[in-house]
Structure formats: structure tokens, C-alpha cells
Protein chains: 2
Amino acid sequence: MSLQVKAVTQQFHGQTILDKLDLTFEPHTIYGLLGRNGAGKSTLLNIISNRIFASDGTVTLDDETLVDNDATLGRLYLMSEVNLYNERTKLNKLLTTTAQFYGDFDQAYAVKLAGQFDLDLNARFGKLSTGYRTIFKLIVALCVPADYIFLDEPVLGLDANHRELFYQALIDTYTERPRTFVISTHLIEEIANLLENVVILDQHKIVVSGGVPDVLAKAYTITGPETDVQQYTESLNVIGTDHLGGITAHYVYGDLPDDRPIPDTVQVEHLDLQKLFVNLTNATEVAHAN
Amino acid sequence: MSLQVKAVTQQFHGQTILDKLDLTFEPHTIYGLLGRNGAGKSTLLNIISNRIFASDGTVTLDDETLVDNDATLGRLYLMSEVNLYNERTKLNKLLTTTAQFYGDFDQAYAVKLAGQFDLDLNARFGKLSTGYRTIFKLIVALCVPADYIFLDEPVLGLDANHRELFYQALIDTYTERPRTFVISTHLIEEIANLLENVVILDQHKIVVSGGVPDVLAKAYTITGPETDVQQYTESLNVIGTDHLGGITAHYVYGDLPDDRPIPDTVQVEHLDLQKLFVNLTNATEVAHAN
């Protein structure tokens, strides 16, 4: 029971967008899919949902292929920045059509969410602002009966109150009916507490994949006088440095050595997810397109 | 010398989107235009740049109308979420065309910024990710020779590092060549320090307009035991309340009375812009479309 991405590679005009990715998405888990602009997040989500084809590799759900397999594809839903809706159609009508397509679409919850977000279901899709287009697509994504829901930038254009409302709705619906959510976002601090697992893409490869507590347990800030910090972190995986006055900080990702005593002048603390992400993906070059 | 919005009203299908707005944008100033989803920010910016027509009211630049006035309109530039570019055209070509249209377009700075953002100018616009589309549009907006630059959600889809890079580029270009920027964004905390003036739209009206220091000087948090706080803030403009344990906080927007002593049990502090915004716009209903 899982969604498996095996050796997925995507090339475009001689450029590598995704480089032999291996990933497993387990049932009933909330994942964060993090990466800088152009890291290939949307490309990966589009390949998983069969909207584009990988140059190489396979995606399977419970060992069944997803390519041209409507029964299995129906268990997946991708909410993305692409607007699939006719601009002239009213939201009410779009909901009814979606409900007819998906047998178990939760229309009552959709109407309730529309009320919470002050979304008028009599409006036409084309008349919605950027933020309200996102809100409508989010509502649909939270109400489809799929087992795997992929949300590509779900808070694009949402104001702070509406972002909070979405995070709460996500927790509510997940508690009510556990399923897998894979969330790609650039507002990492806001969502960090919701994530059980995290996947970080950088330079077209996966650089981190695991449970959030396990990942953060290996992410450290080592602070103190420069020479002491350098001596302690020698040969460790230093992913970034900062200097403030006479104090130096080294950011380390990996286990600290048991046999090396921590000098009295040096402080060891844990990094949060946002800071880990920035340091892991900061120094490297970024591709431009996906 | 200023851009003046006078009694601008916008109605659509019997709904009021903007209700008799009066606003002045001075030269050489960075403005924040803040409002919840659906407050009418994009509608206002589209009216100012003559992309849509107001139901009523006028917009003038140095007393000249902007309606069908190419000379004056050329002094304005609106970067919005609408993609005006041909998907198949290469970015290089789009820059050259823009430079031909605007005599003083700063192509050297555009190329420099593209390098900083790792944007490949040989890519076609249609192949860019959501974030990189925003980046390209931002670069153009920072390089056109207009006197008034309107940025509607300029960091939509940008990762944290790229948002930082944009804020820095904005300061650099503004210092080099002062002009007016009007920035609409939902990431208020990040941009608050860059803003000189702020305009807050709520319920289709302007609820705050002024210099950021002046506005924040009138924004208070009054904390303490509930009865003491209530007594002190009676008849003041309380825009929100919070409770934590036995402590009550009232958020006040307006001058505090000189003749009312502050009880010893009560603490008075200032609010930041994000918190002021949330409290001013929280309780009210929000329209759905713009």
C-alpha cells in the first residue's frame, strides 16, 4: 500500500529537470515537498498525476501503473496553479460536475468551506481574484474522495487569515478521513507543524527525505568563537555558516560524533525546518524552468 | 506632481467592489497597498493603469487624465498576475521588444538581475515555472523607466531566498533612481520595513492611509486584567481583542486620551503592521471577486 516513484528522470532540451528520483509516499501521511524555484517540484507532481510523461522511470500506486490507468488515476488528485475550469461557468455548476465525476465527492463540506472563506458559489470562475481562484481549487481538493491529494502551492495569493483557515481545514478533514497529502509550498514556517514527513528537492535530486522529527534531530546550529566552532565541526557536514560580531555559527546536517567532546565555549542547538531548508539549498545554483 | 484617485467607484452586477476611493500617490515614495482577498486591490490597480474602466470617479497624473492618454500612461507600469507575454517567445526577445517600446529601459540591469535570480534568458516564457514567471515580470517592472510602478503580488510563488533578493533589488534600484512603487502583497511582515506609506483597503473602502511611522504610532496593544483593560479602553477605537489565561489584550487604533491615567496593572505597547492589519480587517466579511 503506497505510491512509488522509481528512478524517475525528466529531461528537456538537453537539460535535466529531475535526476533519477526514488520516493515512496505512504498512505495516511502529510508530506511537505520543498524546493527552491525551478527545483522541479511541479514537474514531479505532474509526472505522478500523469499530466506529463517522464523521460524515464516509473510511478506505481499499490504496484499498479498510473499511465493510462483511469481506475488508479482516480485515486489521485492534483491541485495545481493551472486553471482547468471554464471561465464562464459558475462555481455551483463546477462543484456539481465534479461531484458527478467523483462518486463520493463531499459536496456538503464544500459548501461549508465556501461559507467559511466567504466564497460566493454563484460567481463565475473567471470573475474570481487570484486568491479566490486558489480558494476554490483548494475546496475542491479537500472534498474529492481520492487517497492521494497533491497540493502544488495551495496558499498562492491567500491572505494571512485565509491561510490560517486552510491549515485548520486541512487538519480537520485529515482527522475525519485520513489520507495522504503532499504539499508543495514556499511558506515553510507556517506549515512546518502540520507536516509528518518532508522531501527536499535540490539540484534536481532528493537531498532530504524522512519523518520531520528524525530530520530535525540531525539538524544543528553550532555557535561560539570561530576557531572553537571550526575545530568542533571539522569533517562534519557543514551546510552553512553565519557570523555576528565575534560569534560564528555553523549549520550541520548529520549525526554529531560521540567521541568528540563539545567545548565549553560552544553551544549546540537544533535548527527549525525553514532554516534547515534555506541552508541546504542556498549556495547551489538553481535551474530556471520546470 | 502626484497621482490622484478621486471618488473612484466600481460596481459589478450590482455589487460594489470599490466605494468612492480618494487617494494620492506622491512621487518618490514606496507604498504598501494592503487588503484581504477580494478587497478590491487588483481592481484599483487595473483602473489606475487604464486596463479597466471605473464606474465612476477619475484618476489623474499631474492633473492629466489617464484615459486614452498614451503619453501619461507611459509614465505608469503595472506588473500583475496576468501573463501578457506570448508563451513561445524567448525572454531575450521579450526584453528587446520592451526596450524598443520604452526608450530608457535599463537592459543592462535586467541582464544583471537575471543573473542574480539564475534566470536563463534563452528560455521561452511558456516553459517557466510559476515562480520564474513572477521573477521575469519583476525584472521587467524594475527596469522600465516609468515614474509610477505598481506591483500586484510581486512575490507570488517566490521562494524565501528569491523574495529576499527582490526586496534588496527594490531598495537598490529605488536608491539609484527614486520613483514611486505601490506594492500589493499578503506577506506583510517581510515587506513592512521597506514601506514608507501604507494604504489599507477593507470592505471596499480605505480604512488607513498615511506614513507607516504615523500609522503605527496610533496602533496600541493594551494588556492586563480584563476589567482594568476594559475600563481603560472604554469609548476608544478597539479593533480586536485576545485572551490568554487571565490576561486580556485590547488592540486600539487611534490616539490614547491624555486625561485618562494608565492603571499600574495595565501595559501599553505598539502593534506591528501585520498585527494592525489583521485586527483591522479580521472581523468583517470579505467580498468574493474583483
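Let me start with the sheet in chain B that has the order β2-β1-β4-β5, an open sheet of four strands with antiparallel pairing. This is a predicted model, so everything I say is about computed coordinates. Which strands stand at the edges of that sheet? They are β2, residues 15–25, and β5, residues 64–65, of chain B. Each has a single partner strand, so one side of each is left without a neighbour in the sheet.

Within that sheet, take the pair β1 and β2. Strand β1 of chain B covers residues 3–12 and is joined to β2(B) by seven bridges, with the two running antiparallel. Helix α1 of chain B, residues 41–48, lies across β1, β2 and β4 of chain B, where β4 is residues 56–61. The angle between α1 and β2(B) is about 60 degrees.

Next, another sheet in chain B. Here the order is β12-β13-β11-β14, again four strands in an open sheet, and the pairing is antiparallel. The edges are β12, residues 238–244, and β14, residues 267–270, of chain B, each of which pairs on one side only. On average, neighbouring strands in this sheet are turned by 20 degrees against each other, direction ignored.

Inside the sheet, β11 of chain B, residues 219–225, pairs with β13 of chain B, residues 247–253, over seven bridges in the antiparallel sense. If you want a residue to look for, Thr221(B) stands opposite Tyr251(B) in β13(B).

Which strands does helix α9 of chain B lie across? That helix, residues 226–233, lies across β11, β12 and β13 of chain B and runs at about 145 degrees to β11(B). Helix α10 of chain B, residues 273–281, also lies across β11, β12 and β13 of chain B. In its case the quoted angle is to β12(B), and that angle is about 105 degrees.

Most residues other than glycine have a negative phi. His204(B) has a positive phi, near 70 degrees, and is not a glycine. The residue sits in the loop between β9, residues 197–202, and β10, residues 205–211, of chain B. Is His204(B) buried or exposed? Its relative accessible area is 16%, so His204(B) is buried, the cut-off being under 20%.

Now chain A, starting with the overall numbers. Chain A has 10 helices and 14 strands. Its C-alpha trace spans about 65 × 40 × 35 Å along the principal axes. Of its 290 residues, 56% count as buried. Among contacts between residues at least 6 apart in sequence in chain A, 69% join residues at least 24 apart.

On confidence, the average pLDDT of chain A is 93, and 97% of the residues score at least 70. Residues 284–290 of chain A fall below 50, and this stretch has 33 contacts in the model beyond near neighbours in sequence.

Strand β11 of chain A, residues 219–225, is mostly covered, with six of its seven residues buried. Seven bridges connect β11(A) with β13 of chain A, residues 247–253, in an antiparallel arrangement. In that pairing, Ala219(A) has Tyr253(A) as its bridge partner. β11(A) also pairs with β14 of chain A, residues 267–270, over four bridges, antiparallel as well. There, Ile222(A) stands opposite Val268(A).

Last, a helix pair. Helix α5 of chain A, residues 130–143, packs against helix α6 of chain A, residues 160–176, at an angle of about 5 degrees, with the axes 11 Å apart. Angles under 35 degrees count as roughly parallel, so that is the term for α5(A) and α6(A). Which residues of α5(A) make the contact? They are Tyr132(A), Ile135(A), Leu138(A) and Leu142(A). From α6(A) come His162(A), Phe166(A), Ala169(A), Leu170(A) and Thr173(A). By class, that contact has seven nonpolar, two polar and no charged residues.

Between β7, residues 148–152, and α6 of chain A there is a loop that holds Glu153(A). Glu153(A) is not a glycine, yet has a positive phi of about 55 degrees. With 13% relative accessibility, Glu153(A) counts as buried.

Notes: Residues are numbered from 1 along each chain as its sequence is written. Chains are lettered from A and ligands numbered from 1 in the order in which they are written. This is a predicted model: local features need pLDDT of at least 70, side-chain atom pairs count only at pLDDT 80 or more; totals for chains, interfaces and linings use all residues. Side-chain values use heavy atoms; hydrogens and water are left out. Axes are lines fitted to C-alpha atoms, for helices over the stretch in contact, and angles run from 0 to 180 degrees between N-to-C directions. Angles under 35 degrees count as roughly parallel, over 145 as roughly antiparallel, 65 to 115 as roughly perpendicular and the rest as oblique. Contact means heavy atoms within 4.5 Å. Ala, Val, Leu, Ile, Met, Phe, Trp, Tyr, Cys and Pro count as nonpolar, Asp, Glu, Lys and Arg as charged, and the others, Gly among them, as polar. Buried means under 20% relative accessible area, exposed over 50%, partly exposed in between (1.4 Å probe, protein chains only). Two strands pair if DSSP finds at least two bridges between them. pLDDT is the predictor's confidence in each residue, from 0 to 100.
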